[in-house]
Amino acid sequence: MLRKLYLLYGIVVLGSAGFAQYRGMSLDKMTELKNVPKSVRDNPGSYRAVYMGYHHYTGGK
Amino acid sequence: MSAGTPPLPGPPKPQAKALNCPNCGAAITLRSFQQAVTVVCDSCHSILDAKDPNLQILQKFEVAVGESRPFIPLGTRGKMRGVDYEVIGYQRRSITVEEVRYSWQEYTLFNPFKGFRYLTEYQGHWNDVVVCKQLPVVNPNLTSSTPATAVYLGENYRHFQTAEAYTKFVLGEFPWQVRVGEHATATDYVCPPRVLSSEKAGNEVSWSLGEYMYGVDVWKAFNLPGSPPEAIGVYENQPSPVSANVKAVWAAFGTFVALLVALMVFFDVTARKELVFHSTYEVISGESKAEASFVTDIFELKGRTSNVEVTTSANVRNNWIYLNYALINQDTGQAWDFGREVSFYSGYDSDGSWSEGSDHDSVVVPSVPPGHYYLRIEPETAPVHPPIYYTVDVKRDVPVSMFFLLAFLALLVPAVLISFRALAFERSRWSESDHPPIKLSQTEDDN
């Protein structure tokens, strides 16, 4: 029973990994936006970046 | 057979024989006919010679106050291994280990055509026991660290425990000269779900083979009311619910890992990894943010919906650059907004030279449909810095090894957990034996 469950689980894991790769999924953090106006191309400064204001590391050791 | 046909002649149906106890006169029923050697009077607890027509009294014993009664009453009939048996005898026996007494029950079962078999019970763990048909071969332990083994019918049994077993209480009929207070050296060898037991009394050694049974199966076999006593702990020959699966699970794990590697190679070979954009830019010290943001040329992403890798390489030395990226579909307005930092620091101190960070960074944008895209880039860096040159590469459809690493871990974790569970079960089993597993705290105490 346990072996069958593991076999089923393994197939799901393999299938998920294959599906994620095929669909081009990613684990990186980002924000998806809709309907960004075409004017951004002419006026890039009008676009409000989601990740602005990031606290940068400025130290070193 | 028609209604008028007389029954066919056959062996007469066995009938129980009724007698009276010579001590107290109470009725005694002999259920095993001529097979029993001794019978115990339930009223006065006299052990009688069943072979003697006058039922000679062999022993009288006192019953302790609160003596437990058998779970299966004498005379109960049930089906064991497809054969009808009747419970004709009951005894309670015990061993004492490290001043702790452990008691168990033994039931004698009888079928007039098949003979005797036995049922034992200890803390809710049951065994179906038969006398061995041939003599097992015992291999004594050559070193103290190696337990002795016994071979019976091609199966290897490991020595579990040897102890002096005392008979404390008897009831019903027995195919041997039973006595309360008699003792024998009992040795158990296990090969779950079986246990091979030897009992040595004087010069006589008898061997029996037991097979683990669950209480519910015993209750079902004898159609007993209520539910069986709950099993406590792990018994010596109790089959592990997981041990049998460990090898199979690891074999499956190996197969899955091989398939995973094959899958990874397949995607690595078939991925387009197409460089669709490449450009180098410079960040000049003192530029304002508004002036810094710009858009790239339009590039085309072809093929099915797939990922996009954006790689940034910069000549940062004890410096950093942060890039607000937006990958924008020119036609639909769909965009992916993300920020990436490239920083690299190095130096030298009392510990020696050190470095941290990297001069390049990669990010994978998920599930990007085909179309025409451009990047909006807004770089940030320290207010005062030497000129920083950075290169942006955009690749279509790249393999992501992290999925396969996660899949590997997802496959590994249950296999490890199952193995640990099996190990814990075996440790629990052998902790009650003459060969307990070494405990870490014990070894520390020894030192």
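Domain bounds here come from an automatic or database domain assignment. For chain B that assignment gives domain 1 (17-239) and domain 2 (274-398), and the C-alpha centres of domain 1 of chain B and domain 2 of chain B lie 80 Å apart. This is a predicted model, in which local features need pLDDT of at least 70 and side-chain atom pairs count only at pLDDT 80 or more, while totals for chains, interfaces and linings use all residues. Residues are numbered from 1 along each chain as its sequence is written, and chains are lettered from A and ligands numbered from 1 in the order in which they are written.

**Chain B as a whole**

- Chain B has five helices and 26 strands; helices (H or I, at least four residues) and strands (E, at least two) are DSSP runs, numbered from the N terminus.
- The radius of gyration of chain B is 40 Å, well over the 22 Å that the globule rule gives for 447 residues, so chain B is more spread out than a compact globule. This radius is taken over C-alpha atoms, and the globule rule is 2.2 Å times the number of residues to the power 0.38.
- Along the principal axes, the C-alpha atoms of chain B fill a box of roughly 120 × 75 × 40 Å.
- Of the 447 residues of chain B, 31% count as buried. A residue is buried if 20 or more other C-beta atoms lie within 10 Å of its own, exposed if 12 or fewer, and partly exposed in between, with C-beta atoms placed from the backbone.

**Strand β25 of chain B**

- Eight of the 11 residues of strand β25 (residues 371-381) of chain B are buried, so the strand is largely enclosed by the rest of the structure.
- Strand β21 (residues 319-329) of chain B pairs with β25(B) in the antiparallel sense over nine bridges; two strands pair if DSSP finds at least two bridges between them. Tyr322(B) has Glu380(B) as its bridge partner in β25(B).
- Strand β19 (residues 299-301) of chain B is joined to β25(B) by three bridges and runs antiparallel to it. Here Glu300(B) has His372(B) as its bridge partner.
- Strand β18 (residues 294-295) of chain B is also antiparallel to β25(B), with two bridges. Phe294(B) is partnered by Ile377(B).

**Where the chains meet**

- The contact takes 58 residues from chain B and 42 residues from chain A; two residues are in contact if their C-beta atoms, placed from the backbone, lie within 7 Å.
- Strand β22 (residues 335-349) of chain B gives the most to the side of chain B that touches chain A, with 10 residues.
- Strand β1 (residues 31-33) of chain A is joined to β22(B) by three bridges, and the two run antiparallel. In this pairing Thr31(A) stands opposite Asp337(B).

**Helix α4 of chain B**

- Helix α4 (residues 401-430) of chain B has 30 residues.
- Its buried residues include Phe403(B), Leu411(B), Ile418(B) and Arg429(B).
- The buried residues of α4(B) pack against α1 (2-22) of chain A together with α2 (243-270) of chain B.

**Chain A**

- Chain A has one helix and one strand, and buried residues make up 20% of its 61 residues.
- Ser46(A) is in the segment after β1 of chain A. This residue is exposed, with 11 other C-beta atoms within 10 Å.
- Not counting residues up to four places away in sequence, Ser46(A) touches Ser39(A) and Val40(A).

Conventions. Expected span 1.5 Å × (residues − 1).
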